[in-house]
Amino acid sequence: MASAAILICSFVLFLSHRPSLAIGEDAQSYHVVQNHNSSPEVVCSSSKGSNATALRLVHRHGPCSPFHNKKLLSLEETLLKDQLRVNYLRRSALKSSTKSQVDDSEASIPAEYGGGEYVITVGYGTPSREQTVTMDTGSDLSWIQCKPCSACYSQQQPIFDPSQSSSYATIPCNSPDCSQLRSSCSSSCAYGITYGDGSITSGVYSHDRLMLSPNDVIEDFLFGCGTDNEGLFQDTAGLVGLGRGKRSLVSQTSQVYHSVFSYCLPSTPSSTGFLKLGEPGDASNTVYTRMQTSSNHPSFYFVDLTGISVGGQQLAISPSVFSSRGMIVDSGTTITRLPASAYGALRSAFRSYMSQYPTAPPTRVLDTCYDFSGYETVTVPKVALHLDGVTLDLDISGILRHGCLAFAGYDGGSFGIIGNAQQQTFEVVYDLGNERIGFVPQACS
């Protein structure tokens, strides 16, 4: 009974005092909690699945965050940042249209709101120095801020000083590791990355010890030692790349963890999840779909989305709608982006189920929103994503966000994105060696 109370309080906090969840068969019922003055109980202990190779994963703005700034983003800020993320992922396909989606004249996101949503804490160097970094499946190269800085943003922990690490070394120009970057090189190998929001990081390509836990230390880990880092990062020390490329953490540790990693994103910022390297804790409960590859985007994780169900009924959407450009699974995008025709079918079915509730004005890409004030209970249809061989019954956090349907449509020839809102509470398993992606339901709360 105590655990149920914790979950209810956590969900109320996430939805800004929106209704909390109880599961039905084809619908989900909410009870609206009216007492907004009570302090929600926050649980920041490690989630199940944690062991020597699992790292605690938290929302960077939630109460379990290691950062001083724990203010959650407004819906407007979340969606603006999310569009910048989508622009970054699609940068090759949106060269001419990025400006029209997020205009520079719009109110910018405050600097402290930049960066990814989920962070882990690792150690760099000898002796080891703690660095809290963003987890990102859409990037290969890991990097942290380093002294001496020509331009560094404010981070909470001391900036890494490579001169104080006895195991640090730069990558020489004639090294095969440097040639992979296709970057300029004078005395040491240089790197540079530009993100979709205009943020940049550049510096020296290096290697040092990476401590994931006291029992898991990676020698000679390749990363960017950033001396010029500008933009919307703030607080975090940098980023850990979990993409499919040769420079990612997954590839660099393939001999140890066999190119397998997983994570579980909690359903609320008041709970914790985990990032794990190696096989999932409960392999018998894992269902897999094929991992697809795109020659245009070799670092991304593509899957076959074949259909969508609402209220237990599969929608009349041709699988070719999804397969024409593919769908990626991304840890850094919040709202799932569906092809316009697929989103239209989902929206129509969802609106039909929700027709008894008053609507609320749309917010950016979220055009199906409701005003639940005055209601003690609200019933919402279940939504499921059908992948090749797998059905994902979404947690409520993947259906509604701030009272809005947590999906958006897109036109054009780019790929779709399964965002982190729809991944929440699943352990998502990336098995690169066997080219498959697995899902374990209810792996964290």
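## The whole chain

Among contacts in the protein between residues at least 6 apart in sequence, 69% join residues at least 24 apart; a contact means heavy atoms within 4.5 Å. This is a predicted model, in which local features need pLDDT of at least 70 and side-chain atom pairs count only at pLDDT 80 or more, while totals for chains, interfaces and linings use all residues. Residues are numbered from 1 along each chain as its sequence is written, and side-chain values use heavy atoms, with hydrogens and water left out.

The protein has nine helices and 30 strands; helices (H or I, at least four residues) and strands (E, at least two) are DSSP runs numbered from the N terminus. Of its 445 residues, 54% count as buried, where buried denotes under 20% relative accessible area, exposed over 50%, and partly exposed in between (1.4 Å probe, protein chains only). Switch to a surface: the protein exposes about 18,000 Å², of which carbon and sulfur atoms supply 49%. Accessible areas come from the Shrake-Rupley method with a 1.4 Å probe, and for residues only the protein chains shown count as cover.

Next, colour by pLDDT, the predictor's confidence in each residue from 0 to 100. The protein averages a pLDDT of 82, and 81% of the residues score at least 70. Select residues 47-52, where pLDDT stays under 50 and the model has 15 contacts beyond four places in sequence. Then select residues 92-114, a second stop with pLDDT under 50, for which the model has 36 such contacts beyond four places in sequence.

## The nonpolar cores

Select Phe261, Tyr263, Leu338 and Leu346 and show their side chains. These residues have the most contacts inside the largest nonpolar core, which has 70 residues. A nonpolar core is a set of buried Ala, Val, Leu, Ile, Met, Phe, Trp, Tyr and Cys residues joined through side-chain atoms within 4.5 Å. Helix H8 (residues 340-353) contributes the largest share of this core, five residues. Apart from this core lies another, of 22 residues, with Leu89, Leu181, Cys189 and Ile417 among them.

Which residues does Phe261 touch, not counting those up to four places away in sequence? Its contacts include Thr137, Leu242, Val250, Leu275, Tyr301, Val428 and Leu432.

## A four-stranded sheet

Select strands S17, S16, S23 and S24, given here in their order within an open sheet with antiparallel pairing. Two strands pair if DSSP finds at least two bridges between them. Strands of a sheet pair through backbone hydrogen bonds, either parallel or antiparallel. The edge strands are S17 (313-314) and S24 (390-393), each pairing on one side only.

Move across the sheet from S17. Two bridges join S16 (residues 305-310) to S17, and Ser309 has Gln314 in S17 as its bridge partner. H8 packs on this sheet, touching S16 and S23 (383-387), and its direction makes about 15° with that of S16. Such axes are lines fitted to C-alpha atoms, for helices over the stretch in contact, and angles run from 0 to 180 degrees between N-to-C directions.

Five bridges join S16 to S23 in the antiparallel sense; select Gly307, which stands opposite His386 in S23. All five residues of S23 are buried. Val383, Leu385 and Leu387 point one way from S23, whereas Ala384 and His386 point the other way.

S23 and S24 pair antiparallel over four bridges, with Ala384 opposite Asp393 in S24. In the hairpin of these two strands, which has two residues between them, Gly389 takes a positive phi near 85°.

## Backbone exceptions

Most residues other than glycine have a negative phi, and most peptide bonds are trans. Select Thr126 and Pro127, which are joined by a cis peptide bond with omega about 0°. Pro127 is found in the loop between strand S4 (118-124) and strand S5 (129-136). Then select Lys147 and Pro148: the peptide bond from Lys147 to Pro148 is cis, with omega near -5°. Pro148 is in the loop between strand S6 (143-145) and strand S7 (169-170).

Thr425, although not a glycine, has a positive phi of about 80°, and lies in the loop between helix H9 (420-423) and strand S29 (427-431). Is Thr425 buried or exposed? Thr425 is buried, with a relative accessible area of 3%. Glu435, also not a glycine, has a positive phi of about 50°. Glu435 is in the loop between S29 and strand S30 (436-440) and is partly exposed, with a relative accessible area of 45%.
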